[in-house]
Amino acid sequence: MGKCGPTLAPPDTVCVEIGFVMCPGPIRQRVDLWNSRTQRDCLHACTALCACHPPLPVTNMSVRSTGTLPAHLCRGAKVSSEGDLLHVVTNDNISDGRKRFGRAIIWGTAGLTLIVAVMQVMQATGQAEFGFANWRPTLYAFCTWAVALCWGQVLIRGEHGKRTLFVLPAAIFVAALTIFPLLFGLIIAFSDWNLSSPTGRKFNGLDNIRQMWTDPFYWNALWNMVLYSLAILVEYAIAFGLALLLNAEIRARKFFRVAFLLPLMLSPVAVSWMIGKSMLEARYGPLARLAKFFGVENPSFFGSPEIARATIMIMDAWTYIPFMMIMILAGLQAIPKELNEAAKVDGANGWRNFWEVTFPLMLPVSITAILIRIIFKLKLADIVINVTSGGPGGATDTVTSFIFREYRERSNVGYGTLLAFVYLVIIVIAMTLLMKIADRWTRPRT
Amino acid sequence: MTAQDLNGAQIFRDSEADRGHRAKWWTSRIAIYGVLILWAIICLFPIYWTITTSFKMAPNVMKGNMIPWVDYQPAWLGWKSLGLSPDTIGNESTVRAEFMKRFMNSVIISVTSSALAVALGSLAAYGLSRFNYRFGFMKNADISFFFLSQLILPPVVLALPFLVLYRELALLDTRVGLILLYTLSVLPIVIWIMRDQFGSIPTELEEAALVDGLSIWGAFATIILPIALPGMVAAFILSLVLTWNEYFFAALLTSTYANTLPVMVASQTGSQGISWWSMAALSFAAILPLIVIGVVLERYIIKGMAAGAVK
């Protein structure tokens with residue numbers, strides 16, 4: 001609330017400041033916008049502004065609203081006033097011809113895409129012959145439509161369209177590359193399709209689901225994913241410890257940080273040779289020698305199922321501990337030093353200081369780090385494929401590596417896709433539950 | 001109280017606790033550096049092992065020699081098999097040509113897809129941090145969720161549909177096909193990082209720019225982009241690392257023409273009776289660019305990964 005501004009309004013009128021306009025051009029003065037529900041006499045700065053500069057382009061005036069701006073304030077000016085983001089007053093005079101042209105190119109290219117697609121479908125089903133070598137024409141038509149859609153936004157909606165242009169390309173890209181393959185995958189998932197056989201795709205209903213239900217290796221792979229995910233807790237503990245050390249007052253901090261980060265940079269395939277195949281080699285590998293030195297007879301890192309699984313866990317942990325460590329380190333550095341100092345003054349020793357000050361403060365960061373780590377862990381495949389190919393007896397199989405082998409050995413696309421889709425459903429349910437639980441945990445208790 | 005008593009009892013002296021303090025400080029220092037050095041060895045030893053092995057010969061491998069020049073004489077054996085040793089570098093070498101082809105594939109694919117992802121992702125993140133959108137029923141929060149939810153999607157779900165689609169589109173075994181997929185897979189991470197970046201830039205900057213007569217895209221390009229550049233570099237480097245290392249899609253979707261370095265390394269590991277020295281040379285050549293990036297641009301990588309952690 002404020003007293004009404006300059007001269008025009010009666011002195012006792014109470015006005016509400018609803019925002020301000022920065023005057024464009026050489027004047028560059030800030031003019032406050034006042035409004036009053038009861039009295040119309042209040043200064044409408046915007047009209048005053050427009051009055052003193054009749055040909056003023058309103059397009060690039062920046063309006064900051066502190067309330068809701070009445071739309072009639074500036075004639076011809078659109079005010080976006082949702083939320084508290086960036087507000088821009090625009091004055092678009094888009095001719096009808098331009099709008100028509102915009103609509104025409106969008107619908108025209110859409111129609112073109114549809115026609116090409118229908119022609120290709122007809123050729124694929126053998127109803128007509130147009131001489132397409134592959135489905136590229138449909139792809140090109142789709143790309144034309146995507147470009148036309150972006151351009152059309154600007155043509156039809158002017159300044160608003162230009163704003164849409166920030167998000168639209170990414171949205172089209174992601175939608176085209178996920179939604180379409182996912183729908184397509186749904187069809188594949190319920191069919192028997194061996195890519196190497198000439199018979200092509202055959203719809204086989206629920207056969208794949210029945211096969212999955214009785215496939216012990218798939219359930220085994222899912223169970224392995226649970227075990228692999230549980231290993232994250234140990235990784236988290238180690239990562240937290242390392243982050244605390246890096247956050248302490250130490251010399252050569254930069255060296256240690258780079259050294260600790262390096263495993264994350266290495267490609268899992270190279271790691272599976274460097275560690276899995278050479279360092280863990282039973283006869284000549286340095287780790288085997290180390291084990292012999294400590295008195296282990298015939299060390300074997302992939303012999304028994306439990307040890308093999310643990311070895312894969314350790315190799316994966318080796319690669320990804322830096323990731324969690326850096327996230328936790330960032331969290332630690334964001335904690336104000338005063339808090340720990342205050343705890344120290346109050347007589348807390350190091351251990352209590354950690355458990356009662358640092359750890360609770362780090363809970364949100366920790367949960368974010370663990371959730372992201374779980375997401376990455378669920379994709380684990382490269383190391384398993386290259387080191388053990390799932391063995392011994394499926395003990396190290398992840399879902400991804402299992403499906404990879406399923407495809408490589410039988411080239412059955414249908415069954416593999418169904419397994420992947422079931423996995424996706426399980427992941428989505430599990431992650432939603434985890435996020436809900438995490439949300440409840442981190443929410444401040446009242 | 002006599003003067004002698006006063007002399008005998010020192011008034012100011014270190015208490016038990018204070019004298020214990022120094023010893024405790026030293027032990028804690030030793031423990032901290034001990035753990036740090038131990039972990040540094042754990043992190044660096046595999047890399048050291050790979051480098052040294054690439055200069056070993058068969059007897060050195062079997063004897064388990066570790067330190068070059070001390071317990072074995074380094075030889076160029078591994079690098080010779082790659083065609084990269086000093087005496088073979090001038091000659092024709094099919095292995096080197098193969099390696100260079102894969103290397104260039106990896107460079108082209110990872111750089112292009114990272115650049116594409118950073119461009120698309122930055123624009124989207126900027127838009128989402130500044131304007132209100134409504135695409136059908138989706139508002140800003142929903143659009144953000146739509147982008148970020150791609151992170152959960154495991155690659156295996158998309159892999160087989162893409163395999164079939166690419167076969168129909170004649171994109172199998174092409175660089176373009178891999179670039180598209182890699183861009184898709186790193187886009188959510190880029191948006192995650194960049195949303196954070198743009199969120200920390202005050203909107204007053206654009207307001208001032210708009211008042212000065214710039215369009216919204218002009219303001220973005222000339223004012224906001226330079227400020228957000230470090231964040232974009234971080235996102236780019238992180239994408240580069242992820243796409244360079246990607247193996248799963250590359251193994252499925254490429255065969256002879258477009259396969260990347262990880263696929264080449266993996267295909268060599270599979271063969272029985274591989275010579276350690278040449279595998280070590282190959283592995284090391286594959287990870288060397290990333291080690292360089294990691295050492296030189298460590299700051300950006302950490303910045304990128306820390307972006308989402310602290311809100």
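1. In this predicted model, the two domains of chain B touch through twelve residues of domain 1 and 13 residues of domain 2. On the domain 1 side, the elements that give two or more residues are α2 (16-53) and α4 (77-82) of chain B. Of these, α4(B) gives the most, with five residues. Sorted by class, that side has six nonpolar, five polar and one charged residues.

2. The bounds in chain B are 14-82 for domain 1 and 94-307 for domain 2. Their centres, taken over C-alpha atoms, are separated by 34 Å.

3. Between the chains, helix α7 (residues 268-279) of chain A packs with helix α13 (residues 276-296) of chain B: the axes come within 9 Å and cross at roughly 145 degrees. The crossing of α7(A) and α13(B) is left-handed. From α7(A), the contact uses Ala270(A), Trp273(A), Met274(A) and Ser278(A); from α13(B), it uses Trp276(B), Met279(B), Ser283(B), Ala286(B) and Ile287(B). By class this contact has seven nonpolar and two polar residues, with no charged ones.

4. Chain A is split into domain 1 (2-90), domain 2 (96-189) and domain 3 (208-442). The C-alpha centres of domain 2 and domain 3 of chain A are 41 Å apart.

5. Chain A holds 14 helices and eight strands. Of its 446 residues, 37% are buried. Among contacts in chain A with a separation of 6 or more, 60% join residues 24 or more positions apart.

Notes:
Residues numbered from 1 in each chain as written. Chains lettered and ligands numbered in written order. Predicted model: local features only at pLDDT ≥ 70, side-chain atom pairs only at ≥ 80, totals over all residues. Helix = DSSP H or I, 4+ residues; strand = E, 2+ residues; numbered from the N terminus. Buried ≥ 20, exposed ≤ 12 C-beta atoms within 10 Å, placed from the backbone. Contact = placed C-beta atoms within 7 Å. Domains from an automatic or database assignment. Axes fitted to C-alpha atoms, helices over the stretch in contact; angles between N-to-C directions. Left-handed = near helix turned anticlockwise from the far one by under 90°. Nonpolar A, V, L, I, M, F, W, Y, C, P; charged D, E, K, R; others polar.
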